[in-house]
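Subject: Structure handover

Hello,

Please find the structure below, with notes on what was found in it. Note that the model is predicted.

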Amino acid sequence: MDTQTIEYPAKILGALKKDPDEFEKEARLLLALKYYENGKLSTGLAAQLAGVPRTTFMLLLGQYGLSPFGETADELEADLANAKKASHRQ
């Protein structure tokens, strides 16, 4: 696997009270979550970026208030309400 390095000031680790491995793992996850949230990466690619299996990434989405379906809970509820309305018209 081809890897890249992101440089950051050592002060960041002190401010966050994290060791380099812990910081890098968390940074990869947060970056993957943001790219997924913005629609830039699929769950599979975001999981690869985060360094976790896809199923684990999908579970993590809920912990960070994101939907594995790419929609918010409100959007899913609105879709369901629209589907119910449409089925009653037929």
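I start with a helix pair. Helix H2 (residues 20-37) packs against helix H4 (residues 54-63) at an angle of about 80 degrees, and their axes lie 11 Å apart. H2 is therefore roughly perpendicular to H4, since angles of 65 to 115 degrees count as such.

On the H2 side, the residues in this contact are Leu29, Ala32, Leu33 and Tyr36, and they meet Phe57, Leu60 and Leu61 of H4. By class, the contact of H2 with H4 comprises 7 nonpolar residues, with no polar and no charged ones.

Next, the core. The largest nonpolar core has 11 residues: Leu29, Ala32, Leu33, Tyr36, Ala46, Ala47, Ala50, Phe57, Leu60, Leu61 and Leu66. Two or more of its residues come from each of H2, helix H3 (43-50) and H4. H2 gives the most, with 4 residues. As general background, nonpolar side chains tend to be buried together in soluble globular proteins.

Apart from neighbours within four places in sequence, Phe57 is in contact with Leu29, Ala32, Leu33, Tyr36, Thr43, Ala46, Ala47, Ala50 and Val52.

Last, a residue in another helix. Ile12 is located in helix H1 (residues 10-16). Its relative accessibility is 33%, so Ile12 counts as partly exposed. Ile12 and Phe23 are 11 residues apart along the chain, and their C-alpha atoms are separated by 9.1 Å.

Regards

Notes
Residues are numbered from 1 along each chain as its sequence is written. This is a predicted model: local features need pLDDT of at least 70, side-chain atom pairs count only at pLDDT 80 or more; totals for chains, interfaces and linings use all residues. Side-chain values use heavy atoms; hydrogens and water are left out. Axes are lines fitted to C-alpha atoms, for helices over the stretch in contact, and angles run from 0 to 180 degrees between N-to-C directions. Angles under 35 degrees count as roughly parallel, over 145 as roughly antiparallel, 65 to 115 as roughly perpendicular and the rest as oblique. Contact means heavy atoms within 4.5 Å. Ala, Val, Leu, Ile, Met, Phe, Trp, Tyr, Cys and Pro count as nonpolar, Asp, Glu, Lys and Arg as charged, and the others, Gly among them, as polar. A nonpolar core is a set of buried Ala, Val, Leu, Ile, Met, Phe, Trp, Tyr and Cys residues joined through side-chain atoms within 4.5 Å. Buried means under 20% relative accessible area, exposed over 50%, partly exposed in between (1.4 Å probe, protein chains only).
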